[in-house]
Amino acid sequence: MKRYAYYLSCINESMTKEVDRSIDLWQKDLGIEMVKLHESTCCGGSNLDYVSPRHFALVNGRNIALAEKLGLDLIVSCNTCLMTIRTAKKKLDESPELRKEVNDLLKKEGLEYKGTSNVRHLLWVLADDVGFEAIRAKVKVPLKNYRIAPFYGCHILRPSTVLGKDDPLEPSSLDMLIEALGGTTLPYEHKNRCCGFHTLLVAEEESLNVAAEALQEAIDIKADFIVTPCPLCHTVLDGYQAKALKQANVHSSIPVFHLSEMVGLALGYTEKQLGIKRHIVS
Amino acid sequence: MTGATELHTEEKREITLRVHRFNPQVDSKPYFDDYTIQVEKGITVLRSLNYIKEHVDASVSFRAFCQAGICGSCGMRINGISKLACTTQVWDELSKCKEPGVIKIEPLRNMPLIKDLIVDMDPLVDKMKHYSNWIVSSMPEPEMGQKEFLVSEEEFQKYEKATDCILCASCVSECTILRAHKEYVSPAVLLKSYRMNVDSRDAIHDTRLGELVKDHGVWDCTHCYRCQETCVKHIPIMEAIHGIREDAIEVRGAKDTSGAKHAEAFMEDIEKKGKLVEATLPIRTNGMAWTLQNLLPMAMKMIMKRRTPPPPLLVKPIKGIKKFREMFREMTEHVKAEQKSHKK
């Protein structure tokens, strides 16, 4: 059983609880164990870095230090948390002064940022540590009747100087996971585009236009569902779907699954167990 | 992938450029023309286009000038990605073709099309003007020519990378929000505004910033990083956009616009609970009236599915919040002390 420190994303603790619930169900089946970090804080959601760059370094230096204390890599299942924490790690690794300031404060909690733990997405753990062959061998209910549109989202790909796992122009890890689970992955032009989440409350019309385009293409290519490794993308594509498609004058709908739910389905768990019934679009 | 290896060892081969064509005076809609030519390894996409124009079809229209990645004229989409034709090797593109040996050439997106591969840059220039993206000297007229402006190295480093921009508009072409709304300021314009606003010789910082925080301005960027990823000069454009936001909050305060309020809410919540209180985020960003009008129907659906974020009182602070708050507040003191010493 390989162990990891698991970062609790705000959205998975409130609106998309089904993400962590489904990981809890199947982690042992794939020989991995996620140790939840209940002391971790919000990463700042790609906002704190400009509101206060130094608080940003402190908060995320601390999040990583919590994993380092356990001697484990920090695993994240929200794209924006991933990009944000990795950005902070890069800044801390590159600046001894910033690291010193952060570590002087972290001492109060008996913590230290050393830079020894890697920060990775759950998808990367499945791809690189568990491996697609091992996953294929564990599949109980192959997704063979499903045509699936993989929506990677931005912050698992860009900026590539911070992420660097998949080619941002031609990402493939999610496609390979779909195939390993027995599904058919569709050529989907919006796979590496944006969902519009980060401007939903500031420029709603623009955000919904962005989401509608991605939804429309998935409908046009006759996908059975969209799958995404990011709960923020899911919130727009599922929660705001009706509003986005209404604005775009599209009279149709498409289900959107979390990566963790898709894995759960193939490993034999039910929609009810995985929390799929909690989605807005069924 | 033996095919790919062979491609790289061959010195000469036949390739096809599938070029977007449209002449608004004759054509009812755009179409593609295929030009199959012999090219040698080391030839750029621009040289291939020049060859076609000279020897195959003189009517193909595109902009180009320096042929050295300096003037920014030959921005176009090559195999779907906005870049410069003059710095793009045909050989490098062959591995990215959807159809083997066929390189797709299209005009930049998000700008009106004039003909074939030529887009209208005027809307971009108009935005540069709208945001006054030039230096208005802070030196009094009589002193000009008498005195030097001294720029420290520290200051220059803030905008050194931004000055690499050659206005090729590749970032504009790839921008998510501009595609969703044509009035959006656009990344190249934000980069230039940032560059002017951090320049100590400039006198209109506050006016420019006042314009940038309005609708369709800096707060509408959705952090997709497509601009930065595409930039042919590898300029960290998002850092410039974040730089304007940081400046806006510092100079104009956190209650200035919905964008600033939204960003500041993260800071507040992290200090208070260690995590985000999502239930009140829309209200804190846009007020109660907006939230009721815009989100009520969706909130009802979410309640039915038990998807609503918990109300503030039910958001449990993280384990160890007291110690965390102490550290967080101490950092606030560090930042304040430094701001004070800066002002002195």
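User: Leaving aside neighbours within four places in sequence, which residues is Val218(B) in contact with?

Analyst: This is a predicted model, where local features need pLDDT of at least 70, side-chain atom pairs count only at pLDDT 80 or more, and totals for chains, interfaces and linings use all residues. Residues are numbered from 1 along each chain as its sequence is written, while chains are lettered from A and ligands numbered from 1 in the order in which they are written. Two residues are in contact if their C-beta atoms, placed from the backbone, lie within 7 Å. Beyond its neighbours within four places, Val218(B) contacts Val185(B), Leu190(B), Leu212(B), Val213(B), Ile241(B), Ile244(B), Arg245(B) and Ala248(B).

User: Which residues touch the most other members of the largest nonpolar core?

Analyst: A nonpolar core is a set of buried Ala, Val, Leu, Ile, Met, Phe, Trp, Tyr and Cys residues joined through C-beta atoms within 7 Å. Buried takes 20 or more other C-beta atoms within 10 Å of a residue's own, exposed 12 or fewer, and partly exposed is in between; C-beta atoms are placed from the backbone. The largest core has 180 residues, and those that touch the most other members are Ala211(A), Leu237(A) and Val218(B).

User: Which element gives the most to this core?

Analyst: Helices (H or I, at least four residues) and strands (E, at least two) are DSSP runs, numbered from the N terminus. With eight residues, the top contributor is H4(A).

User: Where is Pro159(A) found, and what is omega of the bond that joins Arg158(A) and Pro159(A)?

Analyst: Pro159(A) sits in the loop between strand S5 (147-150) and helix H9 (173-180) of chain A. The peptide bond from Arg158(A) to Pro159(A) is cis, with omega about -5 degrees.

User: Is His216(B) buried or partly exposed?

Analyst: His216(B) lies in the loop between helix H9 (205-212) and helix H10 (226-230) of chain B. Its phi is positive, about 65 degrees, although His216(B) is not a glycine. Because 18 C-beta neighbours lie inside 10 Å, His216(B) is partly exposed.

User: Is Arg306(B) buried or exposed?

Analyst: Arg306(B) is in the loop between helix H13 (281-304) and helix H14 (321-343) of chain B. Because 10 other C-beta atoms lie within 10 Å, Arg306(B) is exposed.
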